[in-house]
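Biologist: Before we turn to single residues, could you show me how features of this kind are read, one idea at a time?

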Amino acid sequence: MAASPLNQLNSHISNMYNSGLLDEHFMEMWRLQDGEESPDFIAGLVTTFLTDGDQIFNELAQLLERPFVDLDALSNKLVQLKGCSSSVGARQVRLACVQLFKFVSQQKNRDE
Amino acid sequence: MAGAAASSVDRKIRVLLVEDEAINRAVARAVPKAAGGVELNEAENGEEAVRRVRELGTGGGAYDLILTDRQMPVMDGHEATRQIRALGVTTPIVGVSSDCLAADVDAFIKAGADDLTPKPLSKEKLDRILAKFGLA
């Protein structure tokens with residue numbers, strides 16, 4: 001018999017956590033979701049992250065396409081994305097931001 | 001007195017969250033609900049935070065705690081902290097930031113904040129902050 005949708009969802013989330021895509025903060029948010037008062041809390045959070053994240057990625061792409069890349073603006077966008085991803089527990093996105101920020105900082109130091 | 005613990009069971013701890021990102025505000029809203037006994041107000045940038053604090057003054061309606069992001073449009077967390085301190089407000093101010101290197105902590109403290117905690121805000125971090133400032 002096929003697992004219920006909720007069991008499938010729980011299994012999917014566990015897999016994402018075990019593979020390092022999500023961190024403990026997402027699991028804490030998952031536990032905070034109150035079925036009676038805010039059943040759509042996680043769905044709203046993820047939707048907002050995807051929407052905001054998409055916008056930030058577009059802005060990052062625009063900054064990188066310029067002939068002269070504004071490294072300060074790039075850094076600020078990465079800080080913004082890092083904050084959003086850490087708030088939702090998107091571990092891999094957060095780690096990517098850390099790595100990119102380090103690279104941009106090195107570039108800034110080279111240019112100075 | 002601003003920063004004093006709730007004097008009765010019914011009085012909630014009034015916290016001002018200063019944060020421009022909607023998702024970070026959504027997460028921060030869930031944390032006090034879990035902690036209990038906290039009334040969360042929100043400002044989307046430092047300028048709005050300064051205005052709200054100025055309007056409340058330092059009397060009984062003042063905030064017990066201010067949590068502020070660093071990087072925000074219009075006015076950032078450092079400048080907001082400086083301006084709030086310039087009003088004579090002694091409410092504990094804690095920075096909540098993605099950047100928590102020693103230099104980031106120093107910058108917030110120099111601006112007048114009392115502490116800095118890394119994002120994301122969690123129940124554990126909020127409990128620790130409330131306990132640190134005698135608000136729990």
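Modeller: Helices (H or I, at least four residues) and strands (E, at least two) are DSSP runs, numbered from the N terminus. Chain B has five helices and five strands, and along the sequence they follow the pattern β-α-β-α-β-α-β-α-β-α. This is a predicted model, in which local features need pLDDT of at least 70 and side-chain atom pairs count only at pLDDT 80 or more, while totals for chains, interfaces and linings use all residues. Residues are numbered from 1 along each chain as its sequence is written, chains are lettered from A and ligands numbered from 1 in the order in which they are written, and side-chain values use heavy atoms, with hydrogens and water left out.

Biologist: How much of chain B is made up of buried residues?

Modeller: Buried means under 20% relative accessible area, exposed means over 50%, and partly exposed lies in between (1.4 Å probe, protein chains only). In chain B, 50% of the 136 residues are buried. Contact is defined by heavy atoms within 4.5 Å, and among the contacts in chain B between residues at least 6 apart in sequence, 68% join residues at least 24 apart.

Biologist: Which residue of chain B does the UniProt annotation "modified residue: 4-aspartylphosphate" cover?

Modeller: UniProt positions are given in the numbering used here, feature names are shortened, and annotations may be inferred rather than shown by experiment. According to the unreviewed entry, that annotation covers D69(B), a residue placed in the loop between strand 3 (65-68) and helix 3 (77-86) of chain B. D69(B) counts as buried because its relative accessibility is 5%. Leaving aside neighbours within four places in sequence, the contacts of D69(B) are V18(B), E19(B), D20(B), G77(B), V96(B), S97(B), F108(B) and K119(B).

Biologist: Is E19(B) buried or exposed, and what does E19(B) touch?

Modeller: With a relative accessible area of 4%, E19(B) is buried, and its place is the loop between strand 1 (13-18) and helix 1 (22-35) of chain B. Not counting residues up to four places away in sequence, E19(B) touches N24(B), R25(B), A43(B), E44(B), D69(B), M72(B) and K119(B).

Biologist: How many cavities of 30 Å³ or more does the structure hold, and which residues line the largest cavity?

Modeller: Rolling a probe the size of a water molecule over the atoms shows where empty space is left. On a 1 Å grid over the protein atoms alone, a cavity is a set of points where a 1.4 Å probe fits but cannot get out, and a pocket is an open set with protein on both sides within 12 Å along at least five of seven lines; lining residues have an atom within 4 Å of a point. Grid points are joined across faces, edges and corners, and a volume is the space filled by probe spheres set on the points. There are four cavities of 30 Å³ or more, and the largest cavity has a volume of about 80 Å³. Its lining is formed by S87(A), L17(B), E19(B), N24(B), V27(B), A28(B), V96(B), K119(B), P120(B) and L121(B), with helix 1 of chain B giving the most, three residues.

Biologist: What is the volume of the largest pocket, and which residues lie nearest its centre?

Modeller: The largest pocket holds about 320 Å³ of space. It is lined by 17 residues, of which M16(A), L22(A), F26(A), V46(A) and A90(A) lie nearest its centre. The elements giving two or more residues to this lining are helix 1 (5-18), helix 2 (24-32), helix 3 (41-65) and helix 5 (91-111) of chain A.

Biologist: How many residues of chain A are in contact with chain B, and what area do the two chains bury between them?

Modeller: Buried area is the accessible area (1.4 Å probe) that two parts lose on being put together, summed over both. Contacts link 20 residues of chain A with 19 residues of chain B, and the two chains bury about 1500 Å² between them, 61% of it on carbon and sulfur atoms. In chain A, L32(A), V79(A) and S87(A) lose the most area to chain B, together 26% of what that side buries.
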